[in-house]
Amino acid sequence: MKNNNQFEKQGWTPERISNLNGKTYLITGTTSGTGFEAARILLAKGAKVVMLNRNPKKSEDTISYYKNELGTNIDVSYITVDLGKLVSVRQAAKEVLATVSRIDVLILNAAIAQVPHQVITADGFESQLATNHYGNFLLQALLFPLIEKSKGRIVTVGSLGYNMGIKAIKFDDMNWDKDYTGNNAYSQSKLAQIMSIYELQDRLEKAGKTDVKAYACHPGSSRTSLIKTSGSFMMRLIFGMMKLSPLTQSAEKGAYPQLMCATEEALNQKGFYGPTGRSNWTGPVGVHHIEPHAKDKVAAKKLWEVSEKAVGQKFEV
């Protein structure tokens with residue numbers, strides 16, 4: 001896909017968002033970084049925001065910050081979820097369905113990255129695959145009936161990391177029991193996340209459910225706490241130095257791609273959205289090229305089936 005920015009030289013910006021009164025947005029990972037900024041901007045536009053975060057105390061602090069900045073009348077709440085634990089995802093989805101009447105957009109923003117040593121979760125999965133893919137996959141499957149009823153959207157916040165590592169799903173060793181590296185495991189998890197959103201698009205189209213939209217985007221190289229939270233000392237050091245250079249952008253600008261996919265009307269679902277500057281790290285936000293391996297239909301279909309079995313849940317479209 002050519003770098004043909006439909007939003008012209010300046011790219012997409014939140015100024016394009018109209019009043020969002022009556023709209024409900026669910027966002028994972030809003031206590032810092034791009035998720036924090038995305039929720040803040042949506043609330044400023046009048047949306048109802050339900051935050052899905054791992055840490056209740058940080059969720060409460062975030063709500064206090066938003067209310068101090070935007071006023072006490074904003075409609076913001078939180079539900080606790082640990083995407084790396086299937087039981088937590090199921091409980092959170094149950095709470096969402098019991099307390100939320102509509103989902104206009106589900107934004108899958110939360111992630112962990114560059115875990116230096118292999119960590120296996122209680123469910124038996126490598127931690128980055130568990131959090132970044134399986135947790136998100138199960139959450140979508142459980143919330144899909146309400147998203148469909150609301151004629152809503154799903155926005156997956158991927159990463160340029162999908163194009164690193166072996167650039168494939170390691171179906172014979174998805175936990176990287178052999179030759180684990182934090183980068184390879186992270187890359188696989190983000191590839192899986194992106195690949196499944198394009199597979200979802202095809203399944204929606206085949207089922208004639210075009211009222212539901214699904215989009216893939218990424219934040220570019222943004223100054224967030226992602227690497228600091230889970231990366232190795234060396235990765236934290238490298239990215240800490242990068243933050244001081246023009247190779248990175250603010251977390252607010254990193255939130256623009258997910259906000260665009262969540263609110264813009266005339267977007268082609270087949271696109272991949274993010275910064276369009278050099279190496280797609282920074283710059284005006286729009287659509288840009290995605291490598292063919294992210295849309296490998298054979299691998300995507302197999303991944304969907306493997307994921308359903310792994311999480312113990314059919315994702316019916």
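These exercises work through helices, cores, aromatic pairs and a histidine in a predicted model.

**Exercise 1. Helix H4**

Solution: 

Task: Where does H4 bend, and which proline follows?

Solution: 
- The bend is at Leu143, by about 55°.
- Pro145 follows within four residues.

Task: Describe what lies at the start of H4 and what comes after the helix.

Solution: 
- At the start, Glu126 places a side-chain oxygen within 3.0 Å of the backbone nitrogen of Gln128.
- After H4 comes Lys151, with a positive phi near 50°.

Task: Why is H4 described as largely enclosed?

Solution: 
- Buried means under 20% relative accessible area.
- Of the 23 residues of H4, 20 are buried, so the rest of the structure largely encloses the helix.

**Exercise 2. The nonpolar cores**

Task: Which residues touch the most other members of the largest nonpolar core?

Solution: 
- The core holds 53 residues.
- Leu26, Ile103, Leu139 and Leu143 touch the most other members.
- Elements that each supply at least two residues include strand S2 (48–53), helix H3 (86–99), H4 and helix H5 (182–206).
- H4 gives the largest share, twelve residues.

Task: List the contacts of Leu26, leaving aside neighbours within four places in sequence.

Solution: 
- Leu26 is in contact with Val50, Leu52, Val96, Val100, Ile103, Val105, Leu106, Ile107 and Leu143.
- Leu143 is also where H4 bends.
- Another core, of 35 residues, lies apart from the largest one; Ile27, Tyr66, Val157 and Leu267 are among its members.

**Exercise 3. Helix H1**

Task: Judge the span and burial of helix H1, residues 33–44.

Solution: 
- H1 has twelve residues and reaches 17 Å from first to last C-alpha.
- Eleven of the twelve residues are buried, so H1 is largely enclosed by the rest of the structure.
- Among the buried residues are Gly33, Phe36, Arg40 and Leu43.
- The packing partners of the buried residues include strand S1 (24–28), helix H2 (56–70) and helix H8 (251–263).
- Gly46 follows H1, with a positive phi near 100°.

**Exercise 4. Thr72**

Task: Is Thr72 buried or exposed?

Solution: 
- Thr72 sits in the loop between H2 and S3.
- Exposed means over 50% relative accessible area.
- Thr72 has 62% relative accessibility, so Thr72 counts as exposed.
- Its C-alpha lies 26 Å from that of Gly254, 182 residues apart along the chain.

**Exercise 5. Aromatic rings**

Task: Classify the pair formed by Tyr162 and Phe272.

Solution: 
- The whole structure has nine aromatic pairs.
- For Tyr162 and Phe272, the centres are 5.6 Å apart and the planes are at 80°.
- Planes over 60 degrees apart count as edge-to-face, and this pair is edge-to-face.
- Tyr162 is in the loop between strand S5 (153–157) and H5, Phe272 is in strand S7, and the two are 110 residues apart.
- Both residues are buried.
- Elsewhere, Phe137, Phe144, Trp304 and Phe315 form one aromatic cluster.

**Exercise 6. His288**

Task: Which side chains make polar contacts with His288?

Solution: 
- His288 lies in strand S8, residues 285–288.
- His288 is buried, at 1% relative accessible area.
- The side chain of His218 is joined to that of His288 by a polar contact of 2.8 Å.
- The side chain of Asn280 makes a polar contact of 3.5 Å with that of His288.

Conventions
Residues are numbered from 1 along each chain as its sequence is written. This is a predicted model: local features need pLDDT of at least 70, side-chain atom pairs count only at pLDDT 80 or more; totals for chains, interfaces and linings use all residues. Side-chain values use heavy atoms; hydrogens and water are left out. The bend at a residue is the angle between axes fitted to the seven residues ending there and the seven starting there. Buried means under 20% relative accessible area, exposed over 50%, partly exposed in between (1.4 Å probe, protein chains only). A polar contact is a pair of N or O atoms within 3.5 Å; within protein, one must be able to donate a hydrogen and the other to accept it, and residues adjacent in sequence count only if both atoms are side-chain atoms. A nonpolar core is a set of buried Ala, Val, Leu, Ile, Met, Phe, Trp, Tyr and Cys residues joined through side-chain atoms within 4.5 Å. Contact means heavy atoms within 4.5 Å. The expected span of a helix is 1.5 Å times one less than its number of residues. Rings of Phe, Tyr and Trp (its six-membered ring) pair if their centres lie within 6.5 Å; planes under 30 degrees apart count as stacked, over 60 as edge-to-face and the rest as tilted.
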